[in-house]
Amino acid sequence: MFEFWLLLCAYLLGSFSSAVLVCRAMGLPDPRQSGSGNPGATNVLRTGGREAAILTLAGDLGKGSLAVLLALLSGASLQLQGWCLLAAVCGHLFPFFSSLRGGKGVATTLGAMLVLHWPLALIQLACWGILFGLSRISSLASIATALLTPLFCLLLLPELIWSISITCLLLLLRHSSNLRKLISGREHRF
């Protein structure tokens, strides 16, 4: 029963849309109704500016971190902490509070990973940063990082390969429209 409540709490934390809350508080358009329609930091940057995007990013990182931190502080096993990461990301992707219409999950995943296993999180961040620096395409960096993360996990944290691989698979599925745009050469650059 303890595990159920931790997972539910992680899912509900993930369900809070930082993008929607930030845009509402700053009097900006709802990110689900403008730009790409994605309630995430990249779309908020395009439609609402840098300050709103930074606050959105901080909120998404924070809710992922908090979900795993609560599991850690409650004495949950490492495996259960990994499943809490997945639950928080599922909350972000399919939020209870927003009719199951959420974002792409990259920042929430990174926030959770920072608490779960910070060396792996730093590798993910470096991978994303290098790929974004070379391509100037956020989605390409996210897709490639999601593809590489299970390999990094297998080397550094094999006991969490299932929860992290499923999380990465969900991230890839959420980026399917970006992948189609990349293939057709229509994806946005910064």
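Tutor: Let's begin with H5: its 16 residues, at 1.5 Å a residue, should span 22 Å, and its end C-alpha atoms are 23 Å apart, which agrees. The expected span is 1.5 Å times one less than the number of residues. Helices here are DSSP runs (H or I, at least four residues), numbered from the N terminus.

Student: What kind of model is this?

Tutor: This is a predicted model, where local features need pLDDT of at least 70, side-chain atom pairs count only at pLDDT 80 or more, and totals for chains, interfaces and linings use all residues. Residues are numbered from 1 along each chain as its sequence is written, and side-chain values use heavy atoms, leaving out hydrogens and water.

Student: What's the mean pLDDT of the protein?

Tutor: The mean is 95, and 100% of the residues reach 70 or more. pLDDT is the predictor's confidence in each residue, from 0 to 100.

Student: Which residues touch the most other members of the largest nonpolar core?

Tutor: That core has 22 residues, and those touching the most other members are Leu 85, Met 113, Leu 116, Leu 120, Cys 153, Leu 160 and Ile 164. H5 supplies the largest share of this core, 5 residues. A nonpolar core is a set of buried Ala, Val, Leu, Ile, Met, Phe, Trp, Tyr and Cys residues joined through side-chain atoms within 4.5 Å.

Student: New topic! How many salt bridges are there?

Tutor: The whole structure has 2. A salt bridge is a side-chain nitrogen of Lys or Arg within 4 Å of a carboxyl oxygen of Asp or Glu. One joins Asp 30 and Arg 32, at 2.6 Å from N to O. The other pairs Asp 60 with Lys 63, with their closest N and O atoms 3.6 Å apart.

Student: Where do Asp 60 and Lys 63 lie?

Tutor: Both are in helix H4 (residues 50–73), 3 residues apart, about one turn of the helix. Asp 60 and Lys 63 are both buried.

Student: And Asp 30 and Arg 32, buried or partly exposed?

Tutor: Asp 30 is partly exposed, because its relative accessible area is 23%. Arg 32 is buried, at 17%.

Definitions and conventions:
Buried < 20%, exposed > 50% of the residue type's maximum accessible area, 1.4 Å probe, protein only. Helix = DSSP H or I, 4+ residues; strand = E, 2+ residues; numbered from the N terminus.
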